[in-house]
Amino acid sequence: LTFEVDDTDRFRDDKLDILEYETYDLAPMEPSQVFDVTGGRPDPAMYQFLRLAKLGGKDAFLLESIFRKEVWGFMSVPVSEDNERAAVTAVIDACENALKEMDEIIDEEGSALSPKLQLCALVRGSERQALERTLEYVTQEAEALDLKEYYQERRLKDLGLDSDWSPEDDDVSFGGTRVPGGADYDW
């Protein structure tokens, strides 16, 4: 399956900069990436690339320069429900399109096949099976988006701000309090 950062994406330059930064020592990642599907769970690198490619809206703050060194790592796990939905939908659409293209080829071939075309048909059958299994898996993922933990929840947990508030927690003095004239300065 082939995916790319959209040419009309207003954050395209930032995304390409992130791809280049993350692969600087290696050959820079291109804005168009090809991923193999083997059936079942898709390649985590595909999701990571798609999360970055589909990043926008309220999640675009992650493209700010302050996050530049960490943003690729952030993309390895779900960012937001909207972003995850866009990534999953991209995989579903790509699988469905590939299956439709295969149907068109099968309709054109007819029933009398040479030995070479029979081998091609066998390989295509395996590819179809992998696409169908991947489509099934990703469709289930799309139905369970509300069960995933996203960037905001993870960040609040990291900061210890994910617990419920209670009146006992109202004391946020963080140590001592300052009182006017309460200093023991000897000027």
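Visitor: Which residues do ring pairs link into a cluster?

Guide: Please note that this is a predicted model. The structure holds 6 aromatic pairs. Ring pairs join four residues into a cluster, namely Phe61, Phe67, Phe74 and Tyr151.

Visitor: How do the rings of Phe61 and Phe67 pair: stacked, tilted or edge-to-face?

Guide: The two ring centres lie 5.9 Å apart, and the planes of Phe61 and Phe67 meet at 75°. Planes over 60 degrees apart count as edge-to-face. Therefore the pair of Phe61 and Phe67 is edge-to-face.

Visitor: What is the angle between the planes of Phe3 and Phe35?

Guide: Phe3 belongs to strand β1, while Phe35 sits in the loop between β2 and α2, 32 residues apart. Both Phe3 and Phe35 are buried. Their rings are 6.4 Å centre to centre and form a tilted pair, with an angle between the planes of 45°.

Visitor: Which element gives the most residues to the largest nonpolar core?

Guide: This core has 39 residues, and Phe3 and Val91 are among those that touch the most other members. The elements that give two or more residues to the core include α1, α2 and α5. With 10 residues, the element that gives the most is α4.

Visitor: Is Leu159 buried, partly exposed or exposed?

Guide: Leu159 lies in the segment after α6, and together with Leu156 and Leu161 makes a nonpolar surface patch of about 270 Å². Exposed would require over 50% relative accessible area, and buried under 20%. Because its relative accessibility is 47%, Leu159 counts as partly exposed.

How values were computed. Residues numbered from 1 in each chain as written. Predicted model: local features only at pLDDT ≥ 70, side-chain atom pairs only at ≥ 80, totals over all residues. Heavy atoms only, no water. Patch = residues over 30% accessible without salt bridge, like charges linked within 9 Å, V, L, I, M, F, W, Y side chains within 5 Å. Areas by Shrake-Rupley, 256 points an atom, 1.4 Å probe, with all protein chains shown as cover. Salt bridge = Lys/Arg side-chain N within 4 Å of Asp/Glu carboxyl O. Helix = DSSP H or I, 4+ residues; strand = E, 2+ residues; numbered from the N terminus. Buried < 20%, exposed > 50% of the residue type's maximum accessible area, 1.4 Å probe, protein only. Core = buried A, V, L, I, M, F, W, Y, C linked by side-chain atoms within 4.5 Å. Phe/Tyr/Trp six-rings, centres within 6.5 Å; stacked < 30°, edge-to-face > 60°.
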